[in-house]
Structures are given as C-alpha cells and as structure tokens.
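Subject: Structure handover

Hi,

Here is the structure I promised to pass on to you. Have a look at it first, and then read my notes below.

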Amino acid sequence: MCPTRSDVRIDLARAELVRLRNEIDDWLKYRRGEDGLQQYSTQLDALDVWLHQVIEALDGALAALPAGGTVRAAYKACRDVEKKTTWMRQVWRFYADKFDQREDPDTGIRRALKAADEAVWSCFAGAYPAQKRPTAPLPYLDLLYSPEAIPRDKTDVLRNKVIDIPFLNEFLEQLPLPVIGLLEACARAPWWLIYIGHEVGHHLQHDLLPKKDLVTKFSDCLVAALSKAASKGVAVSPDAAGKWAEWSEEVFADTVSVYSLGPRAAWAIAELEMGDDVDMLIERKYYPPAIVRLALMAQLPVLSASDRTVALADVDPDALTKSTALVGGKDLRAAARDHLRLVPILAEAIDTWDGGGLGGLRAICKWQGSQFAAGGTVDQWRDRLLSSNPMALVPSLDAPRLILSGGLAAWAKISLGTDESTRTKAEEKLKERLVDAMVGCREGGKRS
C-alpha cells in the first residue's frame, strides 16, 4: 500500500528529528570521551537529559498524529514540530559552541578556558554542600567589553518568538546550563579572568535560595540599612531606597568578587570604570555611579586601609565630588556625595547581613583574611608567578582563585614598573605560569 501524502510529510519531519538526535548523541559521546578528568560530566549530563526530554516530546507529538488524518492537519502539526526541532538545534549549538571552544586551534583560547573552568569552580563550588551543588556555570570567551552572566533562571536568552509560549513554559522553566561570557582578551591576558568573581556572584544570588529569594533578601538588606540610617538622622534622599534596590544585584556581585578574590577584584572593576568626571559620577540603571561603586567595595569591612587604596585604584572620591560635573542641569557631584555619605552604612550592613539564613557573605565565599593580608597566600603567589623558580602546586578548592588574584597583582607590578620591551617578555612568562599554576592546583575528582 502506497503511503499517503500525510504519511510522507510526517516521515520527513521525523527524519529531521532523528538526524538532530543522532548528531547530539555523537557530540555528547565525543565530548565525554574528551573529558578525561570528568570535569564536565555533570554539565554534559544536565544538557543530555534536557535535550532528549524535549526531543522525546516532539517525537511523541508526531507519533500521536492520527493515521489517515487530513493533509492540512498533518502539515500544520509537522510544521510546528519542525520549528521546534530547528529551535532545539539552535539551543544545542548555543551550548556546543561554548564547549567546543576548548578545542580551538588558538592555544591561548584553550589554555585560558582551562584556567577559567578552575576559577569558576573555585569561586562557585565552596558556596554549597557537595551533595547539593547545582551544575556549575560554563565559561566561554566572546567579543565583549565587560563580562556577562546568564543564570539558569534567565531563560529569555533561549526563547524564540516562533515557538508557542505553553511549550516554552513547559520545557524552559530554567536553562539546562548557566553560562559566563568572558572577555576574548583573556586568551592573551588570563589575569583578566579575575572578573569571574563578579559573574559567579550573579549565579550564586540566583541559585543559593529558591525562587530568587536571595535577590529579594539582599535588596531588602540595603533598603533596611537606609531606613535605619534615616531613623538616626542621616540624610537619605526620598529616592535612595528605590535606586539602591535597583542596583542591588550588581552590588551583591561586586561584594562576592571582593570576598572571593580580595581587593584586586575591586581594582579590576576600576580598570573598566575609569573615565572623566561625568563617567565617574553619572548614575546608571543597574549600577551606582562608578565612584560610588568603587567606594562601596573599598569600604567593605574585610579590607584593610592599604587594601582600600588598591581597591580604589588611587581614585579619591572626596576630591572627585568637589569638582564640577553637570549633565542636563543636574549636579552629579552633589548626588554622588549623597550616595557616598551612605557607603559606610551600607558596607557595614552588607558585611553583617545573615545571607538570607546562609550565614552571611563571608561564610558563603569562604573568606579568610590571612590569605589576602600582606605576605599572605595571594602575595606569595604574586612573587612565585614573577620568579623563574619551579612552583610547588598543591591542589585545593581555594587555590585557583587565590592564584588568579596573585596573577593580577603580578601583572599590575609588571605593567607599572617596566619598559615596553621588558613588559612584553614578562607578560608572556606570566601568562604561561599563571595558567599552569591555576590548572595544576585544580581540585581533583569528578565535578558534581
């Protein structure tokens, strides 16, 4: 018996779905075969389960089409499945391309991503009991000016306007795998992986408590601090609470970066933010004025007076707010001064906050002041990275983030203390030694 026109149409749709499933299976098999250290096993498993769950649902939709149904009904149903199959291919490649960067012909990219994987794990994993860790974010390099985090609840990045909302809501309640986009420059200058601390902060805030409760609780912490300050006679503008609530997610990420990587994390933010008076004073939607942002990181109680000088990158908030900076008739100087007056209060509130019942940010980030003190672990790594002596590499969860902080300190010393020819040679040596140390000190075992 010859197939009907409907049967042929359904077979075509199913063939495309089978082709996609086979390609995904081959890719997963290859990636697992390359993962000798079982570094990505949990991430690949999460992606495997999610992709196949959706593919099976689409296969089921085709199987449910009635035999001998009308041609137009079959075409409509197959078109719907094919749109979703195309979307599934896009989702798979969204992740596959990021994994596959680890085999890029450019050895700088491959090596930078090896170090990035260790920095992410070092900043992320310690915030959770081992048996309750979600899949860690996957770092990748991109043509970005500033890094970006896409937490697992930010599903818009994978949504598609041609896919019906009920289907997306059923299968895309959260991303199968969160990601971190890093500067392409990290391939040449891996010390800029320091921004991982801030981006991991975003993931922790969205992951540590269900329903984004930590986002709400931290915002409430800042607003409560302002209310308490006002009750004690401190001048607080009527719109301050709303602004700090809007800025709270970036403030949280900034704090995590400092508590994970020390004052050099703030110094790195200053490298991105530095500009003229207007650049430093103007308010943004999601960030405080740059000078206020830097001052808040510098005022966190875990930092010493000398740390604060490093964190501010020699910028003087008081001097900056005495200059004239008007935009559209608004005195940015006075507005920034109002926020700076609140910085010590907010810094203290952040440091004493209970972390939504998780024990506070010092506990979440495993802060140990001795590691960042003068002559401590970070300073020791700075000196080792700058020397030519063999490095003793002792694996631990903390080591990669501390080495990274020492690496940025080493680069700062090189960049300001040598001529161009000497600096280029020193940077090449530092690049190699920094990645070797971070990867060589990776925590062993399956990443789960």
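First, the ground rules. This is a predicted model, in which local features need pLDDT of at least 70 and side-chain atom pairs count only at pLDDT 80 or more, while totals for chains, interfaces and linings use all residues. Residues are numbered from 1 along each chain as its sequence is written, and side-chain values use heavy atoms, with hydrogens and water left out.

**Pockets**

Pockets and cavities were searched on a 1 Å grid over the protein atoms alone: a cavity is a set of points where a 1.4 Å probe fits but cannot get out, and a pocket is an open set with protein on both sides within 12 Å along at least five of seven lines. Lining residues have an atom within 4 Å of a point. Grid points are joined across faces, edges and corners, and a volume is the space filled by probe spheres set on the points. Helices (H or I, at least four residues) and strands (E, at least two) are DSSP runs, numbered from the N terminus.

The largest pocket comes to about 610 Å³. Its lining has 25 residues, and His198, His202, Glu250, Tyr286 and Tyr287 are the closest to the centre. Two or more lining residues come from each of β2 (148-150), α6 (196-207), α8 (240-261) and α9 (263-273), with α8 giving the largest share, 5 residues. By class, the lining of this pocket has 11 nonpolar, 5 polar and 9 charged residues. In this scheme Ala, Val, Leu, Ile, Met, Phe, Trp, Tyr, Cys and Pro count as nonpolar, Asp, Glu, Lys and Arg as charged, and the others, Gly among them, as polar.

The second largest pocket holds about 330 Å³. Of its 15 lining residues, Glu34, Gln39, Tyr40, Arg102 and Lys114 lie nearest the centre. Both α1 (5-34) and α4 (107-124) supply at least two residues of this lining, and the largest share, 4 residues, is from α4. The lining of the second largest pocket has 10 charged residues, alongside 3 nonpolar and 2 polar.

The whole structure has 3 cavities of 30 Å³ or more. The largest cavity has a volume of about 140 Å³. It is lined by 15 residues, and Gln39, Gln43, Trp121, Ala136 and Arg447 are the closest to its centre. α2 (41-63), α4 and β1 (138-142) each give two or more residues to that lining, which divides into 8 nonpolar, 5 polar and 2 charged.

The second largest cavity has about 40 Å³ of space, and its lining consists of Val251, Asp254, Thr255, Pro288, Arg293, Leu296 and Met297. Here α8 and α11 each supply at least two residues.

Why is helix α11 (residues 290-299) largely enclosed by the rest of the structure? Because 9 of its 10 residues are buried, where buried means under 20% relative accessible area, exposed over 50% and partly exposed in between (1.4 Å probe, protein chains only). Among the buried residues of α11 are Arg293, Leu296 and Met297.

**Aromatic contacts**

Rings of Phe, Tyr and Trp (its six-membered ring) pair if their centres lie within 6.5 Å; planes under 30 degrees apart count as stacked, over 60 as edge-to-face and the rest as tilted. That rule gives 18 aromatic pairs. One of them is the edge-to-face pair of phenylalanine 218 and tryptophan 353, at 5.1 Å centre to centre with 70 degrees between the planes. Phenylalanine 218 is in helix α7 (residues 213-231) and tryptophan 353 in the loop between α14 (332-352) and α15 (361-364), so the pair ties together parts that are 135 residues apart in sequence. Both residues, phenylalanine 218 and tryptophan 353, are buried. Elsewhere, Trp191, Trp192, Tyr195, Trp267 and Trp411 make up one aromatic cluster.

**Cysteines**

With a disulfide defined as a pair of cysteine sulfur atoms within 2.5 Å, the count is 0 disulfides. For cysteine 186, the closest cysteine sulfur is that of cysteine 123, 13 Å away and too far for a bond. Cysteine 186 is also buried, at 0% relative accessibility.

Enjoy exploring it!

Best wishes
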